[in-house]
Amino acid sequence: MQAEVPSRTAYRVALRRAAHQVFDDPVVFHDPYALPILGLTPGRLAGSDLRAPKRASSASLRAFLVARSLFAEESLARLVQTRQVSQYVLLGAGLDTFALRNSFPGVHVYEVDHPATQHWKRRLLYDNGLRLPPNATLIATDFEAGELAGSLRAAGCDPQQPTLFAMLGVLPYLTEAAFQQTLGMIGEFSGMRALVMDYGLPREALPPEEQLDFQSLADRVAQAGEPFRCFMTERQAAQHVSAAGLKMCDELSAAQMTARFFAGRGSSLCVLGSGARLALAESAAP
Ligand SMILES: C[S@@+](CC[C@H](N)C(=O)[O-])C[C@H]1O[C@@H](n2cnc3c(N)ncnc32)[C@H](O)[C@@H]1O
């Protein structure tokens, strides 16, 4: 990330969530704030090329973003019931609107993001008349600076409370060292802890035609000032999360995302390719 520039990738994924509300039928991830946070109306989106993406990879990306949000929020709902999660920490929150939609009175939401992105989000919330509820706290920090644990504590996040962390669309942009530090911080939470995240397989693990799509996306995000950095195999992902005392307990490939979130809900959305993974890792039950 560039020090003073809000995340452009956060804007792009937020636009696609907004497009899902307007153009996809049925809407499977309902987010009444997806358009308002961007200051958009359905009419203003109508003429955009988001209506019918020309590239199959763009349509697939929109489906993936919908699946990712559903996966995270359905995991949260389950863990609130089964493991009494009372803190939801969105690492690299971008323009995620969960804090505005949080229907769990016992769950405090901590949104952590790079200072430049978070400053921009605060302005968007203000400009578009959206107010965060008292059970939401915004924390500005750069994951590369090694200050995450202290920032969370200073904001009142309690390491003894059952906590779900989310890293959605963040891993590819971090150095491996920052990811490991983040896992170290999660490992210091002494109560129940869990992590929901997405990650991508390394380019060399993909079939040749997907390597071309990967490179094209890598070029675009690099141009936006957010170059790809961190990719991993399933085995490496399992090893990484075990450093935080977590064990993979739900992991989905693209085909499994389509089956779970779209086929079962009468939607024609489809996640393509073999490189994307959604994963939920949890600490052992006492
Ligand atoms: C692709 S966006 C995803 C945003 C959000 N999770 C979503 O799904 O809409 C990547 C996010 O990671 C954040 N990010 C990237 N590098 C970061 C860093 N070094 N420190 C803090 N946040 C970072 C960006 O500011 C941005 O909000």
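Reader: In which loop does Gln84 lie?

Author: This is a predicted model, in which local features need pLDDT of at least 70, side-chain atom pairs count only at pLDDT 80 or more, and totals for chains, interfaces and linings use all residues. Residues are numbered from 1 along each chain as its sequence is written. Helices (H or I, at least four residues) and strands (E, at least two) are DSSP runs numbered from the N terminus. In these terms, Gln84 lies in the loop between H3 and strand E1 (87-91).

Reader: What is the phi of Gln84, and is Gln84 exposed, partly exposed or buried?

Author: Most residues other than glycine have a negative phi, whereas Gln84 has a positive value, near 55°. A residue is buried if 20 or more other C-beta atoms, placed from the backbone, lie within 10 Å of its own, exposed if 12 or fewer, and partly exposed in between. Gln84 has 13 C-beta neighbours inside 10 Å, and therefore counts as partly exposed.

Reader: Which residues does a cis peptide bond join?

Author: Most peptide bonds are trans. In the loop between H1 and helix H2 (42-46), where Pro26 is found, an omega of about 5° marks the cis bond that joins Asp25 and Pro26.

Reader: Why do the buried residues of H5 fall on the same side?

Author: The buried residues of H5 are Thr117, Gln118, Lys121 and Leu125. Because they cover an arc (that of the directions from the helix axis to the C-beta atoms) of only 95° around the axis, they lie on the same side of H5. On the other side of H5, the exposed residues are Arg123, Tyr126 and Asp127.

Reader: What covers the buried residues of H5?

Author: Contact here requires that the C-beta atoms of two residues, placed from the backbone, lie within 7 Å. What covers the buried residues of H5 includes H1, strand E2 (108-113) and strand E3 (136-140).
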